[in-house]
Amino acid sequence: MFEIAKKYMPGGVNSPVRAFKSVEMEPIFVKSAKKSKLIDINNKEYIDYIQSWGALILGHAHEEVVEEIKKQAELGTSYGLCHELEVEMARLIVKHIPSVEMVRMVNSGTEAVMSAIRLARAYTNRELIVKFEGCYHGHSDGLLVKAGSGALTFGTPSSKGVTEKIVSNTLVARYNDIESVKELFDKYGENIACVIVEPVAGNMGVVLPKQGFLEGLREITKEYGSLLIFDEVITGFRVSINGAQGYYNVLPDITTLGKIIGGGLPVGAYGGRREIMELVSPQGPVYQAGTLSGNPLTLAAGIKTIKIIENDPGFYSKLDELGKYFEEGIVSALGDFYVKVNRIKSMLSFFFSKQEVNSYEKVMNSDVENYKKLFKYLFENGILLPPSPFESLFISSSHSKEDIEKTVYYFEKFSKKLKEGKL
């Protein structure tokens with residue numbers, strides 16, 4: 001199937017990480033998935049810790065969510081017109097995400113971030129933006145940027161086809177290094193429209209914000225009249241029902257959302273203070289539109305997902321307990337190999353490293369070879385980790401303690417084989 005796919009799609013995939021290149025393997029093709037498991041086209045079953053890259057907080061094919069999708073499909077799959085589910089989703093987002101007073105639905109995280117930055121530039125009448133090394137905000141041109149040389153630097157393109165001119169308004173700071181942000185604002189502050197950050201980094205593996213980092217960003221942006229954008233595409237409704245901003249009690253000006261609010265279907269959203277959002281067309285001069293924005297199938301799934309979470313007071317504490325159990329198991333199994341686990345609730349990463357991993361530089365200095373060996377060993381034994389050492393593992397409410405125990409058992413077997421030099 002992969003050989004056929006490569007004839008018709010670049011690299012045989014529709015998103016690069018699916019190609020399994022980082023673990024030097026060929027990809028699996030999924031036939032079906034249910035709860036914590038998925039089955040490939042060779043009928044092999046895996047415990048899945050990808051969970052559509054965090055979108056499936058309830059697990060695969062949750063019965064109530066699937067039923068909502070079926071009911072809505074009978075009523076129409078797309079209208080390109082207003083409908084009540086749009087209003088209900090907006091109400092739920094405003095209810096739960098503390099900084100959001102108005103919201104606009106879109107179709108992907110990339111689209112949400114692109115639109116949020118355009119809005120921030122319009123609101124401030126400034127052009128420069130600040131992003132962080134290791135934080136991914138989708139594939140729009142101005143954000144496919146890596147750090148240049150030196151502390152005070154404009155970014156350079158990280159993708160062919162992105163021009164120097166396009167990224168000339170993007171500054172790159174170091175995640176968890178508030179001084180690097182202060183240096184940029186000292187030099188360019190009057191021209192900086194916004195700072196965009198993952199409040200918990202999830203695209204270089206999980207890297208948690210140091211104490212005071214998010215608060216520092218809030219203070220600096222307020223001082224200079226810049227906007228603070230939290231990219232909560234991953235953390236929204238994952239870290240807590242109030243997102244990372246509620247968990248850390250730091251409120252941005254604009255928030256981008258995705259993944260969980262679509263219940264497993266394509267989705268994105270951006271929202272913020274009313275005075276900012278009222279600049280969006282047709283109420284204001286900032287243009288953005290989309291035929292499938294607020295798609296009824298997606299919103300039916302997303303609304304049901306959020307309401308299931310709302311109706312279970314212990315939802316996040318149960319996920320946290322599973323996450324803690326998994327974390328302790330990994331540390332116990334791989335402790336001899338200098339493993340550091342970064343976890344917040346139900347998202348976690350582990351790094352083969354002797355030092356705490358709290359920056360992009362330390363992520364990149366971790367031992368990826370051992371991760372490749374571990375991935376392949378677990379894969380052979382029916383456990384699917386992200387096919388990259390720099391992606392988060394996700395636990396859903398469908399994962400059981402038995403799933404975690406089985407996974408940790410094979411972590412322990414791997415550890416023993418690695419000690420014996422058999423891998």
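## Sheet edge and pairing

Strand β3, residues 45–48, pairs with β15 in the parallel sense, over two bridges. Within this pairing, isoleucine 47 stands opposite isoleucine 383 of β15. The model is a predicted one.

Both strands belong to an open sheet of four strands. Its order is β1-β2-β3-β15, and the pairing is mixed. β1 (30–34) and β15 (383–384) stand at the edges with a single partner strand each, so one side of each has no neighbour in the sheet.

## Strands β5 and β8

A parallel pairing also joins β5 (residues 128–132) to β8, here over four bridges. Phenylalanine 132 stands opposite alanine 173 in β8.

In a regular strand, side chains alternate between the two faces of the sheet. Strand β8 covers residues 170–173. Thr170 and Val172 point one way, while Leu171 and Ala173 point the other way. All four are buried.

The whole structure holds 23 salt bridges. One of them joins the side chains of aspartate 320 and lysine 345, at 4.0 Å from N to O. Aspartate 320 lies in helix α10 (residues 315–334), and lysine 345 lies in the loop between β13 (339–344) and β14 (347–352), so this pair ties together parts 25 residues apart in sequence. Aspartate 320 is partly exposed, at 24% relative accessibility.

Glutamate 327 and arginine 343 form another salt bridge, at 2.7 Å from N to O. Here the glutamate is in helix α10 and the arginine in strand β13, so the contact links parts that are 16 residues apart in sequence. Glutamate 327 is partly exposed, with a relative accessible area of 23%. Arginine 343 is buried, with a relative accessible area of 18%.

Lysine 340 counts as partly exposed, at 23% relative accessibility.

Elsewhere, salt bridges with shared partners join four residues into one network: Glu24, Glu369, Lys372 and Lys376.

## Cysteines

The count of disulfides is zero. Cysteine 82 is exposed, at 77% relative accessibility. Cysteine 135 is in no disulfide. The nearest cysteine sulfur to cysteine 135 belongs to cysteine 194, 13 Å away; a disulfide would need the two sulfur atoms within 2.5 Å. Cysteine 135 is buried, with a relative accessible area of 5%.

## The second largest pocket

The second largest pocket holds about 360 Å³ of space. Its lining has 21 residues. Nearest its centre lie Leu81, Glu86, Gly290, Ser293 and Gly294.

Helix α3 (84–96) and strand β4 (102–106) each supply at least two residues of the lining. β4 gives the most, with three residues. By class, the lining of this pocket has ten nonpolar, nine polar and two charged residues.

Notes:
Residues numbered from 1 in each chain as written. Predicted model: local features only at pLDDT ≥ 70, side-chain atom pairs only at ≥ 80, totals over all residues. Heavy atoms only, no water. Pairing = 2+ DSSP bridges. Buried < 20%, exposed > 50% of the residue type's maximum accessible area, 1.4 Å probe, protein only. 1 Å grid on protein atoms, 1.4 Å probe; cavity = no way out; pocket = protein on both sides within 12 Å on 5 of 7 lines; lining within 4 Å. Points joined across faces, edges and corners; volume = space filled by probe spheres on them. Nonpolar A, V, L, I, M, F, W, Y, C, P; charged D, E, K, R; others polar.
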